[in-house]
Amino acid sequence: MKPAKFDYIAPTTVDAAIEALSTANGEGKVLAGGQSLLPLLNFRMARPAVLVDLNGIKELSFIKLRGDRIAIGALTRHREIEQSPLIASKLPVMAAAMRHVAHLAIRNRGTIGGSVSHADPAAELPMLSLFYDATLSVQGPSGRRSVAAEDFFVDALTNCLEPDEIVVELEFPVLQHSGWAFEEVARRFGDFALASVAVSVRRKSSTIDDARVAVMGVADTPLRLRQVEGKLTSIAIDGQTPDRFAELVTSCVSANGDLHASAEYRQHLLGQLAKRAMQASLAAKG
Ligand SMILES: Cc1cc2nc3c(=O)[nH]c(=O)nc-3n(C[C@H](O)[C@H](O)[C@H](O)COP(=O)(O)OP(=O)(O)OC[C@H]3O[C@@H](n4cnc5c(N)ncnc54)[C@H](O)[C@@H]3O)c2cc1C
């Protein structure tokens, strides 16, 4: 199929993009990598009157160290994140997850701003923004505001943006942890995840002193498991810790089923991936 008719605007500044969206009066949509939006246009599931193409706004593409945070511009491509030495050294869970994001051709075009805005519950970057406690900078007609990742994802494929707002950048605090892991199962490598678990821990002798845990593919949004994180800090590390962690994760999450996998299978995957992720996190020297 072909898209319904739309006007096309290609601004070169963020202000001009916002103005175009405001003028469209709720009938505008921004285009970033187009990897999710173009199929929606072709199937006429999205029928914007105006398409505002962000690809000419060069200031939206960057990866920078900003104090103890990594800032990533909304138009930064998945492939740039995957290949960045800064991401590899400061946000290792993100670096490990990026090769699971679709296929190379899609990673060459897809952007971080497009991925978080699309808010697919089985997409890696929305989950990583929760995992790292990212802050999103959002710009609209009245200026910029900051949104915590935890407030950004409202439901499956639904974020908290107003129709005339765009994501301009994300800031990820760097974790000072000793071990981490990212585990995922998809039907075929590069497909959206059936289930995925991200873990990072800081060890203090034989206990876990600080932990991060997030999962995706199992609910309507990615989930940060703060309750599990809290419980981890009170258990001693021994041979049973990965199994106990898997029990904690599966007791906190009730997986959804769909045509790709039943709820029971996803719940089983979640436990197995959690166990593997904790084994790898604790095996790391740090
Ligand atoms: C076959 C296939 C497999 C895929 N597998 C995966 C996968 O395994 N994991 C994964 O994470 N992703 C996967 N994707 C999605 C891919 O990562 C997309 O690139 C991503 O979801 C959207 O990014 P984009 O830059 O292409 O956004 P676009 O398609 O251009 O836009 C997506 C949506 O976000 C909005 N938008 C874009 N940028 C902004 C912004 N800065 N501010 C506000 N709104 C904005 C658009 O208006 C649109 O509604 C897959 C895609 C395909 C086609």
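Reader: Is Thr111 buried or exposed?
Author: Good place to start, and do keep in mind that this is a predicted model. Thr111 sits in the loop between helix H6 (104–109) and helix H7 (112–118). Buried means under 20% relative accessible area. The relative accessible area of Thr111 is 2%, so Thr111 is buried.

Reader: Which residues does Thr111 touch, not counting residues up to four places away in sequence?
Author: Let's look along the chain to begin with. Arg79 is 32 residues apart from Thr111 along the chain, yet their C-alpha atoms are separated by 8.7 Å. As for residues that Thr111 touches, leaving out those up to four places away in sequence, they are Ala32, Gly33, Ala74, Leu75, Thr76, Arg77 and His78.

Reader: Which residue has its backbone nitrogen 2.9 Å from a polar atom of the side chain of Thr111?
Author: Start at the side chain of Thr111 and look for a backbone nitrogen 2.9 Å from a polar atom there. That nitrogen belongs to Gly114.

Reader: Is Ala119 buried or partly exposed?
Author: You will find Ala119 in the loop between H7 and helix H8 (124–131). Its phi is near 55°, a positive value in a residue other than glycine. With a relative accessible area of 3%, against a cut-off of under 20% for buried, Ala119 is buried.

Reader: And what is the relative accessible area of Arg44?
Author: Arg44 also has a positive phi, near 60°, and is a residue other than glycine. Its place is the loop between helix H2 (37–42) and strand E3 (50–53). Arg44 is partly exposed, and its relative accessible area is 33%.

Reader: How many bridges pair strand E6 with strand E7?
Author: Follow E6 (residues 135–140) through a hairpin of two residues into E7 (residues 143–148). Thr135 stands opposite Ala148 in E7. The two strands pair in the antiparallel sense, and the number of bridges is six.

Reader: Which H11 residues meet H12, and what is the handedness of the crossing?
Author: On the H11 side, the residues are Thr241, Pro242, Asp243, Phe245, Ala246, Val249 and Thr250. Their partners in H12 include Leu270, Ala274 and Met278. As for the way H11 passes H12, the crossing is right-handed.

Definitions and conventions: Residues are numbered from 1 along each chain as its sequence is written. This is a predicted model: local features need pLDDT of at least 70, side-chain atom pairs count only at pLDDT 80 or more; totals for chains, interfaces and linings use all residues. Side-chain values use heavy atoms; hydrogens and water are left out. Two strands pair if DSSP finds at least two bridges between them. Helices (H or I, at least four residues) and strands (E, at least two) are DSSP runs, numbered from the N terminus. Buried means under 20% relative accessible area, exposed over 50%, partly exposed in between (1.4 Å probe, protein chains only). Contact means heavy atoms within 4.5 Å. A polar contact is a pair of N or O atoms within 3.5 Å; within protein, one must be able to donate a hydrogen and the other to accept it, and residues adjacent in sequence count only if both atoms are side-chain atoms. A crossing is left-handed if the near helix is turned anticlockwise from the far one by less than a right angle, and right-handed if clockwise.
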